[in-house]
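Subject: Structure handover

Hello,

Here is the structure for you to look through. My notes follow below it.

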Amino acid sequence: MQKVNLSTVSEFVFVGLSDAPEIRLLLFVLFLLIYLATVAGNITLLTAISTDSHLHCPMYFFLGNLSLLDLLCPTITIPKMLGALLLEHKEVSFSGCLFQHFSLIAVVGTEIYLLTVMAYDRYVAVCHPLRYPSIMSTKLCAQLAASTWATGLLNSLLHTSLVFTLSFCGPNKIQQYYCDIPPMLALSCSSSHSRELVILVVAGVTGSSACVVTVVSYIYILLEILARNSPGIWHKAFSTCGSHLTVVCLFYGTTICTYVCPSFTYSPHWGRVVSMLYGMLTPLLNPIIYSLRNKEVKCALKRVISQVRRAL
C-alpha cells in the first residue's frame, strides 16, 4: 500500500470567492442575509413543532429533524465563508478542514436517509391511514431517526478517512468556499483512483437505494389514489405529499450533480454554483416550502408568532 503523508500540508486556502473588494462586500451582505433567514426559518419551524401539541406526530417529528439538519448544513460552511469575505481570512488548518468535511458529509448523508424515511411515512399515511398510529409508533420513529443519524455519521467517517489519508503536498488552494470531496481529491498528489471508485460506489449505492425506496413509496401512493378514485383524493394526497416531493427533487438534483461524478469532470465554477444550491438555498427553501403547503404548520407558526408578540 502506498505510504501517505498527512503532515506535508498544514493548512489550505479557499480561493472560490471573489477578490474584488466591492464584490466581496456585496456577497458578504447577500450570504449573511441568506444565512440569517435560514437560521430564523428553521428555528421558528423547530419551535412550532416542539411547542404545538397539534404537530406532535411522526410527520412533524421527522420534519423537525430535517429542520435541524437544514440549520446545521449552512452553519458548517457559511460562517467561515463570511469571515473570508469580510476579513480576507481564507486559510483553514488541516484539522479544521477535516472536521468541516466530516460534519458536512454527515449532515448531507443523514438528510438523504431522513428524506427516505419521510417517504415511507407518507406511504403509510396514505395507503394505511387506519393503521398509521400503530405502525408509525413513537418507538419506531425514534429508531428510524436514530438510524438515519448513525448511518450518516458512519458514511461520513468512511468518506473522510478515504479522502484525508491521501497525500497533500501542494498546491493547497481549494477551488471552493469549504472543504468538499471533489476539490480535495483534485488537490491530492497521490493516486486517488481506487479511493475515488470506492467513494463513487458508496455514493451511488446510497443514493440509488434511497431513491428506489422513495420512488417505490410514491408508486404505491399513486396506485392507492387511482384505486380509491374518490372526490378530493388528489388534492388531499398532494397536500400530504407535495411538500416532501418538492424537497426531495430539490435536494437530490443538487447533491447528485455534486458527488456522483468522477473528479476529472469536476469544474470549480460549476461546483460552487451547485454547492450553493444545496448548501444555502435548499436549507432556506425547505421551511418555506413546508410552511406554504401545509395548513397545520401555518396555523402553528401563527400561534408561535402571536405568543412571541404577547411576550414582547
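How many aromatic pairs are there? The count is nine, where rings of Phe, Tyr and Trp (its six-membered ring) pair if their centres lie within 6.5 Å. Phenylalanine 164 and phenylalanine 168 form one that is tilted, at 6.3 Å centre to centre and 45° between the planes. Planes under 30 degrees apart count as stacked, over 60 as edge-to-face and the rest as tilted. Ring pairs also link Phe12, Phe94, Phe164 and Phe168 into a cluster.

First, the ground rules. This is a predicted model, so local features need pLDDT of at least 70 and side-chain atom pairs count only at pLDDT 80 or more, while totals for chains, interfaces and linings use all residues. Residues are numbered from 1 along each chain as its sequence is written, and side-chain values use heavy atoms, without hydrogens and water.

Phenylalanine 164 has 3% relative accessibility, so it counts as buried. Buried means under 20% relative accessible area, exposed over 50%, partly exposed in between (1.4 Å probe, protein chains only).

Now the cores. A nonpolar core is a set of buried Ala, Val, Leu, Ile, Met, Phe, Trp, Tyr and Cys residues joined through side-chain atoms within 4.5 Å. The largest has 58 residues. Leu63, Leu66, Leu115 and Ile221 have the most contacts inside it. Apart from it lies another core of 19 residues, among them Phe168 and Ile181.

Last, charge. There is one salt bridge, meaning a side-chain nitrogen of Lys or Arg within 4 Å of a carboxyl oxygen of Asp or Glu. Aspartate 121 pairs with arginine 122, with the closest N and O atoms 2.7 Å apart. Both residues, aspartate 121 and arginine 122, are buried.

Best wishes
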